[in-house]
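Here are my notes on the model, as numbered points. Please read them beside the structure.

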Amino acid sequence: MPRIAVDAMGGDFAPEEIVRGVAQASLESDIQMVLVGSADKIQALLDAGPYNPELISVRHCSSAIGMAEDPREALRAKRDASITVAARMVAAGEADAMVSAGNTGACVLAAAKNFKLIRGVKKAALASVFPRQTEYPGQDTLGLLLDVGATIRCDAIELTQFAVMGSAYARRISKVASPRVGLLNMGSEESKGGDVLVEAHRRMKSLPAINFVGNIEGNDVATGKADVIVTEGLLGNVVLKLIEGIGEIAATLATHAAQENWRWRLGMAMMSSGISRMRDLTDFRTYGGAPILGFESLCIKVHGRSTAPAIRNAIKVAAKAVRDRISPEIAETLASIR
Amino acid sequence: MSEARVSDGGAPAAVEQAAITFRWDLDKTYLRTQFESLRQMVKIPFEAASDKVHLPGVPQVIQGLRRCALARAQRPFVFFLSASPPQIGNAIREKLELDGIEYDGIIFKDQLRNLVRGRWRSLREQIGYKLGELLESRERGPAAPREILFGDDWESDPLIYSVYADVLAGRLDAGAVGDLLRTLEVERGAIARVSRAVEALESHSEVVQRIYINLEKRTPPGRFHAFGPRLVPAFNYFQTGASLFELGLIDDAALTTIANALVEEASYSGDRLRNSLDDLVRRGHLRPSSRTRIIRILQAAAIAGPAPHEAMLRARLRAAFERLQARWRRGTPAEQLPELDYAQILRDWTGREV
């Protein structure tokens, strides 16, 4: 059974929501979990709710990296930070994967410092799932976008490797036999987007290991045309935050409209189940996080504002990724195209 | 008016100084009885002994306690106290025999008599019934100088056992117990019976050494803090066994047998057992040094693998620190028993004010 190290001190609502998420997972699964953080605080939180102690162990460490801290500085100054200790445990084989809702930069750097890159991989990519339309029954309601922040700029080879890694992850986690891979660009034509994207398009098109469907424009990100969308970190992060922002604005507008006058209130009441469904669909708390791909070891990064259900889901995703041998599969696919 | 009861088993009248009594609840403590729904309740009287399922490791705990007490030249007494009707007694006795449990008495609640006499409240009432039975059972003998109690988190065992322990210790008198029972709306007959038994106690001493509560319902352990360190909420019988081992009530072999039972009957792994121990340490119910000893026992029995180097080093450092502390502070946590605040306990557990 996989053993997952969970950074108990990372995230806007840590350690309370992280510990609650682990406690929930302990009652619903047989995954072994290691909570990394202040042992006293963790036990006090465990004591307050139901949990299964047989599946939970605690690794005490004395410090944590705040969400607003400079990642590089903080990692240098706090060698015993929960996120570093969790990464070290995975690197030492004491855990099979790690989950963190903490500082994204620190999470990526801790992974980079402690994990080995898969042979041949130039850069790791931070993936994220996002809600989207489905085109056929049974299609996963979540798409995969990578990179969303582990890099700033990428070259064509790096983008092609992201495509291979994202495809392997979607194949295993979303159970799509042949995930459609798209390259985020400013037009659908092969010649659009400058030298790097044109070269990346050429490389992806020639790869039999992935099901490349060409360029994807911004208005098609959420339509379900591609299961995996590849982009460099800067642009990916902007797209991801835009999607999150739209969901939040829609909810705010609905609340505002409901307060305006009785006709709007009535309309909103009639649409309430639809709005609620939309909110669920765009709620990052239900996704369960997304991986940093490209390392031999696995790290699932959860949104900083995640509450217990997201942590629980992230632990399940991490365990599934370990069981399904995501990293070895990526390594094998990359080896086959070299 | 006394509560209807049916008992069997011969309890010697003479008090043995070198004796120890183990009192067990049956449903949810020994047996995995399902009575959450009406359908499950209706099924219970028709269950044969072979249909009844014990909790993993519990027969081995009882057997270990008996064997080790005899090895220490102590006379062990094992009593069961159940709120189930005597009509299911035969199946229970057969089940205990199947499990190889030797016991000295078993008490059932005569629900049929309560029903015939139209005592509806008595059918559901637990606290007055059990407290009365515990006190009278001790009055009848044996009045062993040490008792260990085993219950669960399903109903009111933590409260009943704590009151019983404090009555024996002389911390609660008949008046205080009466006030508690009246707050809990226990019927007058049961209160009178308990009060009489409390007044009949000739001497008081710290008899109840530990109260083990099986967390069958997974009640958060923090809810039991108000009951003090004497009460140990345990998630499985390996945790109970570990605590009993620390008290010197079971030996290495018994603890290994309990661990093996959990591995064989409930697919426990070495990791699960190790985590259970660590949980008990973090909750303050087991010393790190005892944990280290128990891990060694599990490793010797090939139940647990070697600990990661770093964790082992940390455990040794903790144990060494604890030995240093022990030079200044003697006694296990439960021996420094604070006075329980029953008014607070009743507020927390029943929402009632004394």
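This is a predicted model: local features need pLDDT of at least 70, side-chain atom pairs count only at pLDDT 80 or more; totals for chains, interfaces and linings use all residues.

1. Residues are numbered from 1 along each chain as its sequence is written, chains are lettered from A and ligands numbered from 1 in the order in which they are written, and side-chain values use heavy atoms, with hydrogens and water left out.

2. In chain B, the axes of α10 (residues 237-246) and α12 (residues 270-282) come within 9 Å and cross at roughly 55 degrees. Axes are lines fitted to C-alpha atoms, for helices over the stretch in contact, with angles from 0 to 180 degrees between N-to-C directions. Helices are DSSP runs of H or I with at least four residues, strands runs of E with at least two, numbered from the N terminus.

3. On the α10(B) side, B:F238, B:Q239, B:A242 and B:S243 meet B:L273, B:S276, B:L277, B:D279 and B:L280 of α12(B) (contact: heavy atoms within 4.5 Å).

4. In chain A, eleven strands form an open, mixed sheet ordered β3-β2-β1-β4-β11-β10-β5-β6-β9-β7-β8. Its edge strands are β3 (56-60) and β8 (211-216). Pairing requires at least two DSSP bridges.

5. β5 (residues 125-131) and β10 (residues 290-293) of chain A pair antiparallel over two bridges. A:A125 stands opposite A:L293 in β10(A).
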